[in-house]
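Me: I would like to learn how to read a few features of a protein model. Could we go through them in turn?
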Amino acid sequence: MEIVIDIETIPEQSGGAIERFMGDPVKCPFDTKAAIGESIGLSAGDYKFIGKEDLKQRWINEKGQEAIKEQAHQKWLKTSLDGSYGEICCICIYANGYKTFLGNEKEILVALWEVVSTLERPPYFIVHNAKFDLPFLWKRSVIHGIKPVSGFNPYGRNGTDFYCTMESWAGFNGRISLDNLAKVFSIHGKMEGMTGADVWPEYKKGNIAKIAEYCRDDVKATKEIYEKLTFKTI
């Protein structure tokens, strides 16, 4: 059965997640004496007599800890793109109507696979950027000990095991955002002023309903794009 799906993800939530990246070495991000000197508050008259490597070391000594913390924070944020560490905070599907799954991650996954198990199998997921969503979904299910339904192949072939609207339009390894592809087909209705990068900030604010609406809008757009690409209605 054709099931349009979209997931929303957040960074790793386990204790000490950010600290795991704190040991990574930090480098001075500037490569000219002027930029280095100005970043640590030196005037041209002061830094011109200091060697560049010495200036870089001074930057590390003065700004290093602050930079390490920011570097660790940025790397932690990117775990939202890695199913080994990031977590799913919302899933929306279209299968005989729209269904949204919220709660803690395990509850979301249990509820999803229970619904999918009642549908005609094997599932045929329709997704934008399948190489991200489907492996992420599989990894998080395995980590929680939740067995996906039989026939689910997250690393399968587009058009056979699932349908990826991005790959179908842009080609193998090609990329186009869902927003831009929706604009190509003059599909309207996606939430304005929100992208995947806004999911974690909204989650921290407790705006789960806003995330759910955004996720559902993405499913709606993916469904309409699929219908355009395949010349059929689901």
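Me: Is E62 buried, exposed or partly exposed?

Reply: This is a predicted model. Buried means under 20% relative accessible area and exposed over 50%, with partly exposed in between. E62 has 43% relative accessibility, so the residue counts as partly exposed.

Me: Which side chain does E62 meet in a salt bridge?

Reply: Side chains of opposite charge can pair when their charged atoms come close. Here E62 meets R58, at 3.0 Å from N to O. Both residues belong to helix 3 (residues 52–77) and are four residues apart, about one turn of the helix. R58 is also partly exposed, its relative accessible area being 33%.

Me: How many salt bridges are found in the whole structure?

Reply: The search gives 10. One of them joins E202 to K205, with the closest N and O atoms 3.9 Å apart. These two lie in helix 8 (residues 199–205), three residues apart. E202 is buried at 8% relative accessible area, whereas K205 is exposed at 59%.

Me: What is the separation of the closest N and O atoms in the salt bridge of E227 with K223?

Reply: They are 2.9 Å apart. E227 and K223 both lie in helix 9, with a spacing of four residues. E227 is buried at 15% relative accessibility, and K223 is buried at 11%. Elsewhere, salt bridges with shared partners link D31, K52 and K56 into one network.

Me: Which residues does K223 touch, not counting those up to four places away in sequence?

Reply: K223 touches V4, Y94, Y98 and I234. Another residue of helix 9 (residues 208–230) is D218. D218 has a relative accessible area of 6%, so this residue is buried. With neighbours within four places in sequence left aside, the contacts of D218 are D6, E8, L178 and K190.

Me: Now the strands. Which way do the side chains of strand 4 point?

Reply: In a regular strand the side chains alternate between the two faces of the sheet. In strand 4 (residues 124–127), Y124 and I126 point one way, F125 and V127 point the other way, and all are buried.

Me: In what sense does strand 4 pair with strand 1?

Reply: Strand 1 (residues 2–10) and strand 4 pair in the parallel sense, over three bridges. I3 has F125 as its bridge partner in strand 4. Strand 4 also pairs with strand 5 (residues 162–164) in the parallel sense over three bridges, and there F125 has F162 as its bridge partner.

Key
Residues are numbered from 1 along each chain as its sequence is written. This is a predicted model: local features need pLDDT of at least 70, side-chain atom pairs count only at pLDDT 80 or more; totals for chains, interfaces and linings use all residues. Side-chain values use heavy atoms; hydrogens and water are left out. Buried means under 20% relative accessible area, exposed over 50%, partly exposed in between (1.4 Å probe, protein chains only). Two strands pair if DSSP finds at least two bridges between them. Contact means heavy atoms within 4.5 Å. A salt bridge is a side-chain nitrogen of Lys or Arg within 4 Å of a carboxyl oxygen of Asp or Glu.
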